[in-house]
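Me: I should like to learn how to read several features of a protein model. Please take me through them one at a time.

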Amino acid sequence: MKKQILVLLAVIFCFSTIARAEMIYISGHADLGVGFENNNLHLHLHAEGVLGLFGGGTTAAGEYDPGDLIIGVPGPSISRPSGAQWNFLASSAGNPIWLLPQSSDPAKPFLGLGTEELLPANGWTTPLTWTFNSISTINGNSSQFSLWQNDAFGSPTVFASTLVPTGTGNSWTQNPFSHDHFNIGFTQEGVYDVNFTITGTNATLNQSFNDTASFRFATGSAISAVPEPSSMAFFGIATAGLTFFRMRRAKTLRRN
């Protein structure tokens with residue numbers, strides 16, 4: 001009996017963990033944030049308020065580890081503008097771009113980058129450096145990735161792009177106790193892990209610290225292809241129940 005209970009609990013835990021990891025954030029304000037915990041920098045997703053989830057429902061404000069939520073980039077796509085200043089986005093004018101804008105759109109995540117937890121009073125007095133490292137395809141076609149801001153006239157300032165040659169970009173600085181918003185673009189529908197590193201020097205400790213983490217994004221129609229938490233949780237519980245029943249039945253048959 002003890003073994004059956006352990007199996008039941010293990011299966012339920014396994015599938016409830018999968019369901020939790022498949023929640024897709026599609027509206028509300030959050031930041032890719034950094035805190036200082038246990039004498040280390042820690043990247044996470046910080047929900048500034050209640051976040052809307054794909055399929056209905058919400059998740060509470062607070063701190064989420066990088067694997068807790070998928071960041072949705074809903075369609076429709078927009079077209080890459082003409083002009084050489086937009087070459088960082090995609091190879092040709094007219095190519096589709098799935099976009100999270102730097103200004104708030106109630107139909108999309110309002111995603112920023114935040115260092116608000118790093119207080120100058122705690123030794124964080126100089127800018128920290130963000131670095132975009134890579135984008136990895138989890139499901140779908142390979143995608144370009146870009147992060148930029150537009151000025152009042154619409155001209156872009158590029159902070160990161162897979163089309164920027166290695167060593168000539170993809171790093172930028174941000175002051176402690178601040179947050180900012182950017183345009184974030186992808187060129188294909190799919191599910192992707194985007195990897196960042198943040199580095200900073202603590203003046204009080206006279207030491208440099210860093211952390212690296214991947215955040216998962218789902219773009220366009222790939223959002224609806226990701227299993228919803230409710231269905232995954234039901235499947236996990238049903239599987240656990242079936243496993244438990246089979247073990248009970250096998251034990252009864254052995255006794256007979």
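Me: Which residue is the bridge partner of Asn150 in strand 12?

Reply: Strands of a sheet pair through backbone hydrogen bonds, either parallel or antiparallel. In this predicted model, Asn150 has Pro156 of strand 12 as its bridge partner. Strand 11 (residues 145-150) and strand 12 are paired in the antiparallel sense over five bridges; two strands pair if DSSP finds at least two bridges between them. Strands are DSSP runs of E with at least two residues, numbered from the N terminus.

Me: What is the order of the strands in the open sheet of five strands, and which strands stand at the edges?

Reply: The order is 7-8-15-11-12, with antiparallel pairing. Strand 7 (78-79) and strand 12 (156-161) stand at the edges; each has a single partner strand, so one side of each lacks a neighbour in the sheet.

Me: What conventions apply to the numbering and the values?

Reply: Residues are numbered from 1 along each chain as its sequence is written, and side-chain values use heavy atoms, with hydrogens and water left out. As this is a predicted model, local features need pLDDT of at least 70 and side-chain atom pairs count only at pLDDT 80 or more, while totals for chains, interfaces and linings use all residues.

Me: Is Asp211 buried or exposed?

Reply: Buried means under 20% relative accessible area, exposed over 50%, and partly exposed in between (1.4 Å probe, protein chains only). Asp211 lies in strand 17 (residues 207-219) and is buried, because its relative accessible area is 18%. The side chain of Asp211 reaches the backbone nitrogen of Leu43 at 2.8 Å.

Me: Where is Phe177 placed, and which residues does Phe177 touch beyond four places in sequence?

Reply: Phe177 sits in the loop between strand 13 (171-174) and strand 14 (179-181), and counts as exposed at 52% relative accessibility. Contact means heavy atoms within 4.5 Å. Not counting residues up to four places away in sequence, Phe177 touches Thr115, Glu116, Leu118, Leu119 and Pro120.

Me: How is pLDDT to be read?

Reply: pLDDT is the predictor's confidence in each residue, from 0 to 100. The protein averages 86, and 79% of the residues score at least 70. Over residues 5-21 pLDDT stays under 50, and the model has 21 contacts beyond four places in sequence for them. Residues 230-254 are also below 50. Where pLDDT is low, the predicted coordinates should not be read in detail.

Conventions. Helices (H or I, at least four residues) and strands (E, at least two) are DSSP runs, numbered from the N terminus. A polar contact is a pair of N or O atoms within 3.5 Å; within protein, one must be able to donate a hydrogen and the other to accept it, and residues adjacent in sequence count only if both atoms are side-chain atoms.
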